[in-house]
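Visitor: Hi, I have a structure open and would like to talk through it. Could you walk me around?
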Amino acid sequence: MSGEKVLVLNATGKVGRNTCRALKEAGFEVFGTTRSTNSDLAKLGVKPVVCDYTDRSSLDRALNETGAKRLFSITDYFGAAKSNAATEIAHGKNAVDAAKAAKIEHMIFVSVSDAELFNEHVRHIRTKVIIEDYLRNSGVPFSILRPTAFFENLDDAKSWNPLKKGAVKFLTTKKCKYCATYDIGRAAAVIFKNQEAWLGRPLDVIGWEGDLSQVAQALQKVGGVPVKHSLAMPIFFRRLFLKDLHNMFLYFEAGGPKGTPEEFKRVVPDALSAEDWFRFHGHYANGDKIGS
Ligand SMILES: NC(=O)c1ccc[n+]([C@@H]2O[C@H](COP(=O)([O-])OP(=O)(O)OC[C@H]3O[C@@H](n4cnc5c(N)ncnc54)[C@H](OP(=O)(O)O)[C@@H]3O)[C@@H](O)[C@H]2O)c1
């Protein structure tokens with residue numbers, strides 16, 4: 001298996017970049033798609049492939065050029081699909097169709113834990129259910145990774161939530177299940193290496209559970225300075241302006257998703273906790289190092 005080629009779509013994104021890293025560490029030859037001719041993927045030891053993963057002909061070219069028979073696929077509702085459900089579904093189906101045409105031997109699609117249990121307002125997750133079904137019926141050998149909320153949301157300047165020294169913010173203060181995008185990649189490595197055991201199966205990626213005060217304690221421990229925690233926006237505004245995410249958080253706040261860190265740790269035993277993730281992430285949004 002060492003040196004086997006994997007093509008990672010959307011490789012410069014949060015999930016893509018850390019998945020490339022984890023697959024490299026696991027010994028795969030990793031190719032990563034980006035639209036840019038000037039990406040820093042090579043610094044990770046990843047072979048950049050200029051490709052727009054939303055475009056079928058571009059995908060066909062990338063699969064053909066690399067000769068990869070393993071494909072890691074992720075779609076993006078808010079970014080590449082511009083918050084349009086039909087567009088994200090089309091992107092996901094494109095990747096499945098391209099995988100089928102290229103006779104991919106194992107495709108991993110990144111969905112969301114308990115995707116089918118969110119209500120109809122959570123459009124960016126309901127799309128994943130439709131793509132999962134399309135993949136299941138495609139004939140392409142597959143597995144599905146179903147992550148919960150990313151720790152990376154705690155430092156996301158693009159979503160107006162940069163991580164600052166002494167403070168941590170999120171859209172809920174209640175108990176929530178989190179995962180590191182790096183653990184999505186580590187789970188992908190386990191699955192690609194044990195194809196027979198994982199064919200046709202989903203895996204929930206859930207590394208840790210805690211409320212925002214526990215997240216703040218974790219940052220305080222790693223950073224060595226007191227940390228306050230608060231809502232990134234009042235619930236009233238969350239309900240008013242972020243209907244999709246608000247409904248997603250209602251599911252989280254009611255205790256979902258059903259999976260547990262203990263279950264995931266049977267596959268990735270050292271899955272990152274909040275404390276581990278702050279160490280792994282290593283810096284605040286302004287580039288300053290977390291801790292001494
Ligand atoms: N945030 C969470 O807690 C969470 C939890 C579970 C699942 N998810 C799912 O994760 C997915 C997002 O993944 P991510 O956070 O890794 O994404 P991301 O970091 O936002 O990925 C951005 C990448 O998408 C590419 N891109 C942006 N606009 C594009 C366009 N118009 N056409 C083609 N490519 C474009 C860019 O690559 P280039 O510029 O290099 O081409 C960019 O690096 C979503 O589907 C979300 O539902 C998120």
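This is a predicted model: local features need pLDDT of at least 70, side-chain atom pairs count only at pLDDT 80 or more; totals for chains, interfaces and linings use all residues.

Visitor: Good to know. Which residues come nearest to the ligand?
Guide: Asn 10, Thr 12, Thr 34, Thr 75 and Asn 153 do, out of the 25 residues around the ligand.

Visitor: Which helices and strands supply at least two residues each?
Guide: Those are α1 (14-25), α4 (123-136) and β7 (149-150).

Visitor: I care about polar atoms. What lies 2.8 Å from an oxygen atom of the ligand?
Guide: A backbone N or O atom of Lys 14 lies at that distance from a ligand oxygen. For Asn 153, a polar side-chain atom lies 2.8 Å from an oxygen atom of the ligand. There's also Asp 76, with a side-chain N or O atom 3.2 Å from a ligand oxygen.

Visitor: How much of the ligand's accessible area does the protein cover?
Guide: The protein covers 82% of it, where the ligand on its own has 940 Å².

Visitor: Back to Thr 75 for a moment. Where does it lie?
Guide: Thr 75 lies in the loop between β4 (70-73) and α3 (85-101).

Visitor: Is Thr 75 buried or exposed, and why?
Guide: Thr 75 counts as buried, because its relative accessibility is 6% and the cut-off for buried is under 20%.

Visitor: New topic: where is Thr 172?
Guide: Thr 172 is in the loop between β8 (167-170) and β9 (176-179).

Visitor: Buried or exposed, that one?
Guide: Thr 172 is buried, because its relative accessibility is 1%.

Visitor: What does the side chain of Thr 172 reach at 3.1 Å?
Guide: That would be the backbone nitrogen of Lys 174. The Thr 172 side chain also makes a polar contact of 2.6 Å with the side chain of Glu 253.

Visitor: Which residues is Thr 172 in contact with, leaving aside neighbours within four places in sequence?
Guide: Glu 253 is one of them, and the others are Leu 212, Leu 231, Arg 238 and Phe 249.

Visitor: Great, thanks for the tour!

Technical notes. Residues are numbered from 1 along each chain as its sequence is written. Side-chain values use heavy atoms; hydrogens and water are left out. Helices (H or I, at least four residues) and strands (E, at least two) are DSSP runs, numbered from the N terminus. Buried means under 20% relative accessible area, exposed over 50%, partly exposed in between (1.4 Å probe, protein chains only). A polar contact is a pair of N or O atoms within 3.5 Å; within protein, one must be able to donate a hydrogen and the other to accept it, and residues adjacent in sequence count only if both atoms are side-chain atoms. Contact means heavy atoms within 4.5 Å. A residue is near a molecule or strand if one of its heavy atoms lies within 4 Å of it. Accessible areas come from the Shrake-Rupley method with a 1.4 Å probe; for residues, only the protein chains shown count as cover.
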